[in-house]
Amino acid sequence: MELTGKTAIVTGGSRGIGAAIALDLAANGADVAINFRRQANDANAVVEKIQGIGRKGLAVQADVGSLADAEKMTRVVQEKLGGVHILVCNAGVNRDAVIWKMTEADWDEVIATNLKGYFNYVRAVAPLFKEQKQGKIINITSINGMRGKFGQSNYSAAKAGIIGFTKSVARELGKFNVNVNAVAPGLIETDMVKNAPPEIREKALADILLGRIGRPEEVANVVTFLASDKARHITGEVIKVDGGQYL
Ligand code: NDP
């Protein structure tokens with residue numbers, strides 16, 4: 001996939017799926033900026049790997065819940081890496097509880113990060129993408145946004161919201177040559193799921209037709225495709241990467 005000359009922002013690129021996306025975009029020629037909330041060491045390690053591939057890398061501490069941070073990061077990336085052409089909204093958290101035990105803080109944090117965080121970054125790059133008549137936006141949602149999940153009403157609401165958001169922005173930016181798509185992973189082996197109780201993992205595993213938990217690189221491959229010119233006639237789509245878990 002040819003991404004030479006392109007610059008990407010990947011939110012939550014310090015770990016898990018975001019780190020795999022950042023590295024795959026770099027391996028395909030892009031310069032990549034990532035943001036992180038707390039784990040500077042993890043973010044710096046990803047930047048070193050990007051540089052090891054021969055691309056420019058940049059780590060910025062920025063909370064995705066802040067529009068001011070998103071606008072600042074967009075400016076910094078333009079100044080230091082020479083532009084922005086690809087945005088991957090990926091940063092997310094889970095604060096699971098059944099609805100009769102969910103706190104307001106659980107609800108608010110997940111919506112602020114997993115839904116408003118996506119608005120903030122898309123809002124920050126949209127004027128630029130519109131002006132340059134070029135851009136790829138890829139939003140990481142989840143199959144749980146399509147089917148709901150016991151104990152995840154906050155997370156599933158945010159992930160469903162991302163799908164409506166993606167389709168609306170695809171309608172608004174299509175005439176400016178900007179592609180806006182979502183990728184919906186099923187269960188993927190990252191920090192977010194490694195502490196899930198064994199019975200939850202086994203139940204999910206039983207639903208996965210391919211018989212195994214997915215790897216972050218398998219999500220990254222699809223994101224890189226959507227960021228490339230090979231996907232230039234795809235917009236407003238939601239592509240599942242779940243080994244058949246949703247079916
Ligand atoms: P991880 O927990 O492994 O990584 C989350 C990343 O998001 C970290 O880089 C973290 O930064 C960053 N982050 C979290 N909150 C903020 C914030 N407020 N501001 C900036 N950065 C933040 O998650 P995954 O890799 O598993 O998940 C990535 C995305 O994929 C999420 O949107 C998730 O919902 C989605 N997804 C994951 C699935 C899975 O099975 N793993 C399945 C379906 C969807 P820091 O290191 O600083 O905390």
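Mentor: Let's start with the words. Helices here are DSSP runs (H or I, at least four residues), numbered from the N terminus. A helix axis is a line fitted to C-alpha atoms over the stretch in contact, and angles run from 0 to 180 degrees between N-to-C directions. One caution: this is a predicted model, where local features need pLDDT of at least 70 and side-chain atom pairs count only at pLDDT 80 or more, while totals for chains, interfaces and linings use all residues. Residues are numbered from 1 along each chain as its sequence is written, and side-chain values use heavy atoms, with hydrogens and water left out.

Now for the pair itself: helix α3 covers residues 67-81, helix α4 covers residues 104-132, and they pack at about 45° with their axes 8 Å apart. That angle makes α3 oblique to α4, because angles under 35 degrees count as roughly parallel, over 145 as roughly antiparallel, 65 to 115 as roughly perpendicular and the rest as oblique. The crossing of α3 past α4 is right-handed, so called if the near helix is turned clockwise from the far one by less than a right angle.

So who touches whom? Contact means heavy atoms within 4.5 Å. From α3 come Leu-67, Asp-69, Ala-70, Glu-71, Met-73, Thr-74 and Gln-78, and α4 brings Asn-120, Tyr-121, Arg-123, Ala-124, Val-125 and Leu-128. Sorted by class, this contact has 7 nonpolar, 3 polar and 3 charged residues (Ala, Val, Leu, Ile, Met, Phe, Trp, Tyr, Cys and Pro count as nonpolar, Asp, Glu, Lys and Arg as charged, and the others, Gly among them, as polar).

Terms used: Helices (H or I, at least four residues) and strands (E, at least two) are DSSP runs, numbered from the N terminus.
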